[in-house]
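Keep the 3D view open and follow along as the residues come up.

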Amino acid sequence: MAKTRTIGVAMDFSPTSKLALRWAVDNLINHGDQIILINVQPPQAHHTRKELFEDTGSPLVPLEELRELNFTKQYGIARDPEVIDMLDTASKTKGAKAVAKVYWGDPREKLCEAVEDLHLDSLVLGSRGLGPIKRVLLGSVSKHVMTNASCPVTVVKAKQSSNSRH
């Protein structure tokens, strides 16, 4: 029997982060693996749980709690039916255990910390596809994580439409 793995998926609820989750469920998750959705809130965010968990990140939140409105209010995270549905599917079809963890701070640093804290075997994240100027000004989260994380990192890019290639 194969070793169960812990797979992190960076989730900011953007289309590319949802694409990364879909890719992980379809291509990476095996029976019994654990999926950890990792959400990084801005450092200036003020939610009721931030004061308790700002230094360490939230406790692992089970899938059942992700569905609750109370969770979204406490952590300031949108309740996204599409994400919940993908996690439900992974849980039912692959026997994967789905949980979430919230951090506060710079996503580049916090995602690398999460790799260590959560003992991730792999991390999957979406790419925003910034152009060269925006990438220099804003910094590329995916490039930083690929360079500094201590586990394999998969970056899922959005598919370009035929119009955007010209």
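Predicted model: local features only at pLDDT ≥ 70, side-chain atom pairs only at ≥ 80, totals over all residues.

Start in the middle: the largest nonpolar core has 31 residues, and Leu21, Ile35, Leu37, Leu66, Leu87 and Val124 are the members that touch the most others. A nonpolar core here is a set of buried Ala, Val, Leu, Ile, Met, Phe, Trp, Tyr and Cys residues joined through side-chain atoms within 4.5 Å. Buried means under 20% relative accessible area, exposed means over 50%, and partly exposed is in between, using a 1.4 Å probe and protein chains only. Two or more core residues come from each of strand 1 (6–10), helix 1 (15–27), strand 2 (34–41), helix 3 (63–66), helix 4 (69–75), helix 5 (81–94) and strand 4 (97–104). Helix 5 gives the largest share, five residues. The helices (H or I, at least four residues) and strands (E, at least two) are DSSP runs, numbered from the N terminus.

Residues are numbered from 1 along each chain as its sequence is written, and side-chain values use heavy atoms, with hydrogens and water left out.

Now zoom in on Leu37. Leaving aside neighbours within four places in sequence, Leu37 is in contact (heavy atoms within 4.5 Å) with Val9, Met11, Leu21, Val83, Leu87, Val99, Ala100 and Lys101.

Stepping back, the chain has eight helices and six strands, and along the sequence they follow the pattern β-α-β-α-β-α-α-α-β-α-β-α-α-β. Of the 166 residues, 46% count as buried. Among contacts with a separation of 6 or more, 79% are between residues 24 or more positions apart.

Which residues does Ile84 touch, beyond its neighbours within four places in sequence? They are Leu63, Leu66 and Arg67. Ile84 sits in helix 5 and is buried, at 12% relative accessible area. Ile84 and Leu63 are 21 residues apart in sequence, with their C-alpha atoms 7.8 Å apart in space. Asp88 is also found in helix 5, and at 15% relative accessibility this residue counts as buried. Not counting residues up to four places away, Asp88 touches Leu63 and Arg67. From Asp88 to Ala98, 10 residues apart in sequence, the C-alpha to C-alpha distance is 8.2 Å.

Next, look at a pair of helices. The axes of helix 6 (residues 107–117) and helix 8 (residues 141–148) come within 9 Å and cross at roughly 35°. Those axes are lines fitted to C-alpha atoms, for helices over the stretch in contact, and angles run from 0 to 180 degrees between N-to-C directions. From helix 6, Pro107, Arg108, Glu109, Leu111 and Cys112 meet Val141, His144, Val145 and Asn148 of helix 8.

Val141, Ser142 and Val145 are buried. Seen down the axis of helix 8, these buried residues fall within an arc of 95° (taken from the directions from the helix axis to the C-beta atoms), so they line one face of the helix. The face turned away from that buried side carries the exposed residues Lys143 and Thr147. Helix 6, strand 5 (122–127) and strand 6 (153–157) are among what covers the buried residues of helix 8.

Finally, a look at some loops. Phe13 is in the loop between strand 1 and helix 1, and its phi is near 70°, a positive value in a residue other than glycine. Phe13 is partly exposed, with a relative accessible area of 22%. Ser14 has its place in the loop between strand 1 and helix 1, and is buried at 18%. The C-alpha atoms of Ser14 and Ser127 are separated by 10.0 Å, though the two are 113 residues apart along the chain. His119, in the loop between helix 6 and strand 5, has a positive phi of about 55° although it is not a glycine. At 63% relative accessibility, His119 counts as exposed.
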